Amino acid sequence: MEPTAVRKRYDLGSFNSLTVLCAVLVIFLLLPIWVEFGTLRVLVEFFIFLGLAQMWNLLAGYAGVFSVGQQAFVGLGGYALFYAANTIGIHPFASVVFAAVLTAIVSAVFAPILFRLHGAFFAIGMWVFSEMFRIFVSNVDYFGGPSGQTLISIRNVERSLRIEGTYWLAVVLGFASIFSVYVILRSRYGLALRALRDQEVAASASGIEVQRLRKNIFIFAAGITGALGSIAYLSTYRIVPHAAFDINWVAIPVFIVIIGGVGTIEGPIIGTIIFFLIREYLADFGVIYMIVLGFVMVGTVMIFPQGIWGMIKQRYGINLLITDWHMKDSL
């Protein structure tokens, strides 16, 4: 008998968790009825970083692709939105879709080159990739050069709709990042990702097309990251190269994932909540805020190497969004 990978497609735990998640989504969508615009702006940032963390975790935690250049796609998504809205005349909200598609296409074009690199060389290559775009945009007057651009077309949208519409886009995309990772991991595609993460050589020997799998995940994550980047600058109405391609667009998601738990869906959610609690309460203290973030991350890694959610899962056996495959014997 040979072991065969199987899983329950309709386990009660995941069904209940997904039901709760959908209910929370509805609550967040209705939130503009009760809260002020300032709170909505903070929540836009929250869901942007939640989505970025989920995508980085999908790459590093499952596909084994450690990237420190995802800010390239944030910046590309932002500039794509400004181009679509200001030049082509697409509605600013619809331009988010344009940004996602264009970013995915650009990542697909460069993926064959980038994936010739491995490990630390890939990470460095991604950072160089991001800097290349930052330098290019900074030196081309068409994109506004170093002074950037203003989203002129947003003036045609009423103020309350601007804020609420941007908020709804952020909420939908933030939750979509969670659901999409869950769907991927529950599929046989997810089984291949786990095999790849755990033992690349064995996965390749089993017939898994390692490079193709990684490229597909890379392109998917790039498209979502580009959409999130476009929403980030849709909310500020202005974009400049040094901010659009800032390393913090990847540094913060890395912090979030490490704190919450690498290779889990729940981890980035917990990590994002912790990050924003620290930021909101300590932002006024300047440098101390960054020092506290550093201590929290180092302390978490030392005490809970698997992250906070990893510790909870291991110690208490709690598994909300079940994506694990189990082995059974078959003839």
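Analyst: Keep in mind that this is a predicted model. Start with Glu-131 and Arg-134, whose side chains form a salt bridge at 2.9 Å, N to O.

User: Where do Glu-131 and Arg-134 sit in helix H5?

Analyst: They are three residues apart in helix H5 (residues 120–138), so about one helical turn separates them.

User: Is Glu-131 buried or exposed?

Analyst: The cut-off for buried is under 20% relative accessible area. Glu-131, with 18%, is buried. Arg-134 has 25% and is partly exposed.

User: How many salt bridges are there by this rule?

Analyst: The count is three. In another of them, Arg-279 meets Glu-45 at 2.8 Å, N to O. Arg-279 belongs to helix H12 (residues 266–282) and Glu-45 to helix H2, so this pair ties together parts that lie 234 residues apart in sequence.

User: What does Arg-279 count as at 14% relative accessibility?

Analyst: Arg-279 counts as buried. Glu-45 is partly exposed, at 31%.

User: What is the mean pLDDT of the protein chain?

Analyst: The mean is 86, and 89% of the residues reach 70 or more. Confidence is highest in helix H4 (residues 95–114), at a mean of 96, and lowest in strand E4 (residues 326–330), at 42.

Definitions and conventions. Residues numbered from 1 in each chain as written. Predicted model: local features only at pLDDT ≥ 70, side-chain atom pairs only at ≥ 80, totals over all residues. Heavy atoms only, no water. pLDDT = per-residue confidence, 0-100. Helix = DSSP H or I, 4+ residues; strand = E, 2+ residues; numbered from the N terminus. Salt bridge = Lys/Arg side-chain N within 4 Å of Asp/Glu carboxyl O. Buried < 20%, exposed > 50% of the residue type's maximum accessible area, 1.4 Å probe, protein only.
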